[in-house]
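The sequence and the coordinates are shown first, and the description follows.

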Amino acid sequence: MIFTRRVLAIAWKDLIAEWRDRESLTAMCFFAFLVLFLFNFALGGDQALIRQASSGLLWLAFAFTGVLGLARSVQSELVNDCLDGLLLYPAEREAIYLGKLLGSFSVILLVELISFPLFAVLYNMDIWSQLPKLLLITVPATLGFAAAGTLMSTMTAGLRAREAMLPFLLFPMTIPLILSAVRGTEVVLRREAFELAMPWLKLMAAFDVLFLVGSLLTFELLVEE
């Protein structure tokens, strides 16, 4: 119970800080809109092509915007040596990791929920009846992306070129997760039987478990260095 309170306290701290300046949230929403708009403009009015590529474009926008939020999650703690203060917090290192993960996951998921109406309008897609199924794909994919991203953001926080190294390390590592999300979303948008998305959901679940366990085992080593 105390462990859970500590996790929630760290996540709440990050969410309050994000809400006060809204810098990351605003940049992520604007970037998601820009990516979706530019790809829609590039595809022209070919509705068949747009529907064929829509799931990939949607997750491309989510991946790019997610990196913006993840970069800020840990790297913002470097200002005024806040990371040292956070490490003095009387909590297990695992609680700090899970708190940072929960904060990043919440912000990224909020941006994705805001992006769904933009996606529906720009690509002329009727997604509202399929929204529960889309969320079943989006939530585990976002959790895995945030889990890997929080760990990679911690690993690169002390590097001089950390802004470039984070996407350089994160994107190749999350390719199986992003491909699973694209194929699962494709099944939902085409209104095919949801059973066809189950193998991709299982792959995302395996990715989530693997990275959560691996991150919990290695996070303390990374922050102590």
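In this predicted model, the mean positions of the 16 positive and 20 negative charges of the protein chain are 4 Å apart. The accessible surface of the protein chain amounts to about 11,400 Å², and carbon and sulfur atoms account for 70% of that surface.

**Overall fold**

The protein chain contains 9 helices and 0 strands. Along the sequence, its pattern reads α-α-α-α-α-α-α-α-α. Taken along the principal axes, the box filled by the C-alpha atoms is roughly 55 × 35 × 30 Å. The radius of gyration of the protein chain is 18 Å, which agrees with the value near 17 Å that a compact globule of 225 residues would have. Of the 225 residues, 45% are buried. When contacts between residues at least 6 apart in sequence are considered, 80% of them join residues at least 24 apart.

**The nonpolar core**

In soluble globular proteins, nonpolar side chains tend to be buried together. In this protein chain, the largest nonpolar core has 57 residues. Phe119, Tyr123, Ile127, Ile137, Phe145, Leu170 and Met204 are the residues with the most contacts inside this core. Two or more core residues are given by each of α2, α3, α5, α6, α7, α8 and α9. The largest share, 11 residues, comes from α5, a helix that covers residues 93-122.

Beyond its neighbours within four places in sequence, Met204 touches Ile137, Pro140, Ala141, Leu177, Ser180 and Ala181. Of these partners, Ile137 is itself listed among the core residues with the most contacts.

| Residue | Relative accessible area |
|---|---|
| Ser55 | 2% |
| Ala157 | 5% |

Ser55 belongs to helix α3, which covers residues 47-75. Because buried means under 20% relative accessible area, Ser55, at 2%, is classed as buried. Setting aside neighbours within four places in sequence, Ser55 is in contact with Val182, Thr185, Glu186 and Leu189.

Ala157 is located in the loop between α6 and α7. Its relative accessibility is 5%, and therefore Ala157 also counts as buried. The C-alpha atom of Ala157 is separated by 9.8 Å from that of Leu222, a residue 65 places away along the chain.

Definitions and conventions:
Residues numbered from 1 in each chain as written. Heavy atoms only, no water. Helix = DSSP H or I, 4+ residues; strand = E, 2+ residues; numbered from the N terminus. Rg over C-alpha atoms; globule rule 2.2 N^0.38 Å. Buried < 20%, exposed > 50% of the residue type's maximum accessible area, 1.4 Å probe, protein only. Contact = heavy atoms within 4.5 Å. Areas by Shrake-Rupley, 256 points an atom, 1.4 Å probe, with all protein chains shown as cover. Lys, Arg positive; Asp, Glu negative; His and termini not counted. Charge placed at Lys NZ, Arg CZ, Asp CG, Glu CD. Core = buried A, V, L, I, M, F, W, Y, C linked by side-chain atoms within 4.5 Å.
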